[in-house]
Structure formats: C-alpha cells, structure tokens
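Below is a walk through one protein model and the ligands placed in it. Please keep the structure open while reading.

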Amino acid sequence: MKDFHYYTPTEVVFGKDSEKEIGHLVKKHGGGKVLIHYGGKSAETSGLLDTVRRQLDAVGIPFVELGGVVPNPVLSKVHEGVQISKNENVDFILAVGGGSVIDSAKAIAYGLAYDGDVWDFFSKKTEAFAAYPIGVILTIPAAGSEMSNGCVITNEEGYSKRAYDNDLCRPRFAVMNPIRTYTLSAYQTACGAVDMMMHTMERYFSHDDDMLLTDAIAESLMRTVCECAPKVIAAPNDYILRSQIMWAGSLAHNNLTGCGTIGDFATHMLEHELSAMFNVAHGAGLAAIWPHWAEYVLSENPTRFAQFAVNVLKIANNFRSAEETAREGIEAMKIFYKKIGMPTSIPELLGRKATDDEIREMADKCSLGRTSTIGHLKILSYDDMVEIYNMANR
Ligand code: NZQ
Ligand code: ZN
C-alpha cells in the first residue's frame, strides 16, 4: 500500500431537488458575480439554464453568460471566457454541462488568476498558483471533472490536447440531478460508462497487489457500471439506474479508487491524441484503445488482469494459468463494449483505418516529440505507442 494524499473538497448536492440549491451554493462559496458557462443546446432546451438564471436572480447574484463550449473543448473559447470575465468583473464560474464545459470553466478560472496565457500551464511552461472558484451543475456522468483535479483543453494551433492537473481547480460544489441525464443519447451514455470504468481501471492495473479495500471499492464500482450501463441504455428514464451511473462517474475520478496505488493512464494519453486528431468522443476512443493496451502490457502482471476478469467480469478462474483467465477478461470487456455500442478498434471508431503517418504523428505528440514516456504498469516509449496504435488499427 503506497502512501497517499486523499483530497476531495467538493461539496456534492445529489438528487431530484438539487437544483433548488444553486443560488444558495454560489453565495455560500463566495460568488459575487457569475459567469454561467455552458455547451451547445442541451442545457437550454431542457430548461436547465432558465432554472439556473431564476435561482441566481432569486438570491440577487448578477451574471453573464457564455455558451458554445464544444466536446473536446478548445483554447479559443477559454480565452473568450477569460476576456468576458475580466471585462465584467466576474469572480465565480458556474459550469452547466459535462466534462468539456467543466474543463473550459476550470481553464477560465486559471486564466483569470494569471497574467500570461493559460496555455502555459498545459504546455508545462509554468505552474498555476491560484484559480478563481468554480461550481458545477453536471448534466452527463462521464469525465468525473466535477470532482477531479484534471482539466483537458485542446489548442487549435496544432491540435494539441493536453491535461493539466492541479488541486486548485477542484470545483467548490457539484450539483447532480440524475433526471437531467434522461435526455442523453445511448451513445453519450455509453461513452460516459466507458470513461468512468476507465478512470477506475487506470488506477487498478498496477504492480501493487496490497490495497485490499481500494480494490474492493474499485471492483464494486466497475461491476455496478457494467451491470447498469446496458440496462440504462434500454431504459433511459430509470431514476435508480441513472443515479448509480451518475455517482459512479464522480467516485471513479475523485481518486477514491486510487488510494494506495499509482495510476497508469497510458490508455488516456493514447486516446487524447485520437480525440485531438479526429475529434471523436473521449469514451469511444478509450474503448478503441484499451483492449490493445491490455494485450500489450498483460505480461507485466497477469494475476492482476485475472483478478479483474474474475471479480469484475465474472469470468470463471481456470486456476491453470492466470494469463488464460486474464485473456478471457479482455475478451469479455470487448463484448461489453460492443453490447453498449462502443468500438473496440480504430477502424470501428473512425470508419476507416488510420494511416501510418497519422499513427506516427499521434505517437510523436503523445511522447512530446519522442522525449517522454507514458504509463506505469509498463513504461511506454514512442515505439510502444506506435505498436499499440497499430494493434488497435487492425
Ligand atoms: O453541448 P451540449 O448541447 O450540452 O451537448 C453535450 C455534448 O455534445 C451532450 N450533453 C451533455 N449533457 C447532456 C447532453 N445531451 C443531452 N442531455 C444532456 N443532459 O453530451 C455531449 C458530450 O459532452 P462532453 O461534456 O464533451 O462529455 P464528457 O463529460 O464526456 O467530457 C469529455 C471531455 O472531458 C475530458 C475529455 O478528454 C473530453 O475533452 N476529460 C476530462 C477529465 C477531467 N477534467 O478530469 C478526465 C477525463 O479523462 C477526460 O479526459
Ligand atoms: Zn477519461
């Protein structure tokens, strides 16, 4: 069991009536003037934005608005948000949406507290020492950004998608009403399920075998998502199922399932290049990569993969070979992905194979021009990345 810090300062307000508390929450967490930040149409058409406006009016908090955040959020929108917020003396950002809107809000919050270009943090030029406070009204359980210290932005110049992790950006509160997720398409629901499973799997597949409680929590979370995801796709208005998925998404990425171990996150790094280059949904990209990453690194710790197969996917342990049981688990995971409509390869994701040049470019960016490695269970260099992309491209 590795030593760890566990820090989750986000106040969670979960349930059918959670939105009634928005005004009060903004006030409690110091908001004097708010930027309401949102994506495309979903929050407007569902009436959620109107509810937010009414709630802020009711407590006398003035606000300005900035919509138009796209999935795989872009730097130019962050710059726009920083400028508007500076002009309007905004001191609190309220994100209404999913991971893309939340990450855009987090980047604006960094930008407001910094004189230079916010991209400096993502390009590792410097560290952030302050960020404005943000609150979240979550509409899609997936990225877990509502409780995470992560922020992922795409710079349109060169299409670099980069993550910056810092506790400063953790939201002050997250309002989660599962009813607001009824309108999600089957595809977005499935992408979210893949992502939250993956956040747990990234922490689970390690060299450590001695974090019994963390394993039990992680396995239970993954079993819950595996069980509920296909059911909720068939019954999108089921409150109980939507609730399980929504809560799982937050717990999967607030590091509860990472206590005592070191995360791998290679699949995430490989996927970020896919979604930067092809603008695909993050969850779908993860499903296209993970089985091939798993195949590639399996020999590093076959018993861990076998434990995953048995405890999460209910594969019978054949007790002859951990590797055989592990491989059955990887196949079962592919079956799960297919069952919920997710791709298990790059051609299934894109509708065509990636070219050799595209694969080399993704690996080059992922390895920061061949200067950097990714992963922990197995440290992956540029050549390993090319190999995994090639395996996923068959
Ligand atoms: O723009 P609108 O109209 O709102 O539509 C969105 C968007 O098209 C739609 N949607 C959201 N709530 C809805 C809804 N449609 C109907 N009903 C609702 N209630 O869903 C689409 C996808 O939204 P998005 O926010 O992009 O999804 P997600 O939450 O999966 O976020 C993905 C982004 O988060 C990053 C990903 O890389 C990607 O950029 N991640 C952020 C992390 C973090 N900050 O900790 C960790 C993750 O690993 C991930 O990398
Ligand atoms: Zn993710």
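A nitrogen atom of ligand 1 is 3.1 Å from an N or O atom in the side chain of S145, which falls under the polar contact criterion used here (a pair of N or O atoms within 3.5 Å; within protein, one must be able to donate a hydrogen and the other to accept it, and residues adjacent in sequence count only if both atoms are side-chain atoms). The protein covers 87% of the 960 Å² of accessible area that ligand 1 has on its own; accessible areas come from the Shrake-Rupley method with a 1.4 Å probe, and for residues only the protein chains shown count as cover.

This is a predicted model, in which local features need pLDDT of at least 70 and side-chain atom pairs count only at pLDDT 80 or more, while totals for chains, interfaces and linings use all residues. Residues are numbered from 1 along each chain as its sequence is written, chains are lettered from A and ligands numbered from 1 in the order in which they are written, and side-chain values use heavy atoms, with hydrogens and water left out.

Two further side chains approach ligand 1 through its oxygen atoms. An N or O atom in the side chain of S100 is 2.6 Å from an oxygen atom of the ligand, and a polar side-chain atom of H199 lies 2.7 Å from an oxygen atom of ligand 1. In total, 31 residues surround ligand 1, with G40, S42, S100, S148 and H199 the closest; a residue is included if one of its heavy atoms lies within 4 Å. Helices α5 (99–112), α7 and α10 (266–278) each supply at least two residues of this shell, helices being DSSP runs (H or I, at least four residues) numbered from the N terminus.

D195 in helix α7 (residues 186–204) and H282 in helix α11 (residues 282–297) are 87 residues apart, so the pair links distant parts of the chain. Both D195 and H282 are buried, meaning under 20% relative accessible area, with exposed over 50% and partly exposed in between (1.4 Å probe, protein chains only).

Of the 19 residues of α7, 16 are buried. A193 is placed in this helix and counts as buried because its relative accessibility is 1%. As for α5, 14 of its 14 residues are buried, so the helix is largely enclosed by the rest of the structure.
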